[in-house]
Amino acid sequence: MVHVVLLGAGIGGLPTAYELRHLLPKSHRITLISDNPKFTFIPSLPWVAFDLTPLENIQLDIENLLLRKGINWIEGKVTALDPHTQTLKVAGKRINYDYVVIATGASLALNVVPGLGPEEGYTQSVCNPHHALLAREAWRKFLENPGPLVVGAVPGASCFGPLYEFTMLADYVLRTEGLRHQVPITLVTPEPYAGHLGIGGMTNSAELVSQLLEERDIKLIENAEIAEIFPEKMTLADGRILPFQYSMVVPPFQGVAFLRSVKGLTDEKGFVPILPTCQHPNFPSIYSLGVAVQLTQPEQTPIPIGVPKTGQMTEAMGMAVAHNIARELGVIEAAPVTPTLEAICMADFGATGLIFIAAPVLPDPITGKRRSSVAKRGRWVSWIKIAFEKFFLIKMRLGMSVPWFERWGLRVFGLSLVEPIPNRIKN
Ligand SMILES: Cc1cc2nc3c(=O)[nH]c(=O)nc-3n(C[C@H](O)[C@H](O)[C@H](O)COP(=O)(O)OP(=O)(O)OC[C@H]3O[C@@H](n4cnc5c(N)ncnc54)[C@H](O)[C@@H]3O)c2cc1C
């Protein structure tokens, strides 16, 4: 009998716990630990900030979900992990594990630019539920007293989808409220060009994004470095000053604090290095997935940026982790698998939306090409995004990870979540 412990009940941790429960016999214990009693569907947080959906609509109580599934639940913040004794500390208690799966997502590096962030600075964020609520409160006040709006990302940021989504949704909401003429909108990005998205762009993504910004009269400043933020203005490294009445700025991500304190576990940013199996290279009892893992930006951009770790990439890593642990335990007889890191990503812009399909997310380092790469625009994208949120929450309520029909649906688009490792090495 082994004890598998998962840290973090987010988009990665919860489906991975379900998949492990599905694969492992009941004699193996599975425990999920998270510092929040609720699961949050993070991609919908921009809607919360604009009052388009209440936070409760995208959250689920974890405890009830797990009890039914025979997964142990501990609510608490993990504060220490010892890979040598295979123990961790949560709420002062020591817990032993045979395997631990680190799915703790990101903490926000708000100290990289003075004045960044809603708590000790002057900009909003939609990167976690608490910040989305603060952003909503500030947005409500902004609607009463509108003025210039600046949406941006600072150097080192990696999550560019929400940057564009927030900008376009702001435009849409302001038009709906009849306030757009009072609000000049500026988008400031460290990407070398708009639509790069941290992945070297894809097909016509740059063209589509620039076209949308132009149509909506949104000023674009690309390849830009936000240097300092003050109560109602920010300065760029080249000396430009951007005044704002409301600003949402995406910070860089880093690994959560306790991971950074474990010797040899993470890189300097606190991200966990992984082998193709999602296993730690030096600690075989440790697996990791999602935003917590190290993915290196292969491209030298004039201003440093990271690689996005999207929901589908996270789920794929989770499925690989569950498969590989079950295989190591001899529960299934199969070759080890690796996540394909392919992604369908949808951005809702209110009256329209963009869908990106990148397989894989990062192009081949030698040819600079992907097997498949599509970017399309249309109102239908917003509908699919809303439907996907509902679908994901239903899956989590029912205790399903990635059901057969979802895997089948991905195959229709020529995508898969995992593949045998030798194939990937050959490619
Ligand atoms: C605003 C925004 C919009 C996005 N939109 C999209 C999108 O449209 N499409 C898409 O594919 N991707 C999108 N993403 C990316 C997507 O949300 C991530 O890929 C996904 O959330 C990663 O899942 P995760 O499990 O790694 O982290 P998370 O979902 O963040 O979960 C981490 C969990 O770990 C817990 N935790 C953290 N520290 C501890 C600790 N010390 N002890 C215990 N528990 C801890 C947290 O409470 C949380 O429950 C978006 C991201 C953001 C921020």
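Two strands pair if DSSP finds at least two bridges between them. Helices (H or I, at least four residues) and strands (E, at least two) are DSSP runs, numbered from the N terminus. In S12, Val188 is the bridge partner of Gly152. The structure is a predicted model, in which local features need pLDDT of at least 70, side-chain atom pairs count only at pLDDT 80 or more, and totals for chains, interfaces and linings use all residues. Residues are numbered from 1 along each chain as its sequence is written.

- Strand S11 spans residues 149-153, and five of its five residues are buried (20 or more other C-beta atoms within 10 Å of the residue's own; exposed means 12 or fewer, partly exposed in between, with C-beta atoms placed from the backbone).
- Leu149, Val151 and Ala153 point one way from S11, while Val150 and Gly152 point the other way.
- In a regular strand the side chains alternate between the two faces of the sheet.
- S11 runs parallel to strand S12 (residues 185-188), and four bridges join the two.
- Between S11 and S12 the chain passes through helix H5 (residues 161-176) in a right-handed β-α-β crossover (with the strands pointing away from the viewer, the path from the first strand over the helix to the second runs clockwise).
- S11 is also parallel to strand S17 (residues 246-250), to which five bridges join it; here Leu149 stands opposite Tyr246.

- Not counting residues up to four places away in sequence, Ile102 touches Leu7, Leu259, Val272, Ile286, Ser288 and Ala292 (contact means C-beta atoms, placed from the backbone, within 7 Å).

**Ligand shell**

- Around the ligand are 37 residues (C-beta atom, placed from the backbone, within 6 Å of it), of which Gly8, Gly10, Gly12, Gly105 and Gly290 come nearest.
- Elements that give two or more residues to this shell include strand S2 (29-34), helix H2 (45-49) and strand S21 (343-348).
- H8 gives the largest share of the shell, three residues.

**Gly117**

- Gly117 is in the loop between strand S10 (107-108) and helix H4 (129-144).
- Gly117 counts as buried because 21 other C-beta atoms lie within 10 Å.
- Its C-alpha atom is 9.4 Å from that of Ile229, 112 residues apart along the chain.
- Gly117 touches Leu108, Leu110, Thr123, Ser125 and Pro251, not counting residues up to four places away in sequence.

Methods
Two residues are in contact if their C-beta atoms, placed from the backbone, lie within 7 Å.
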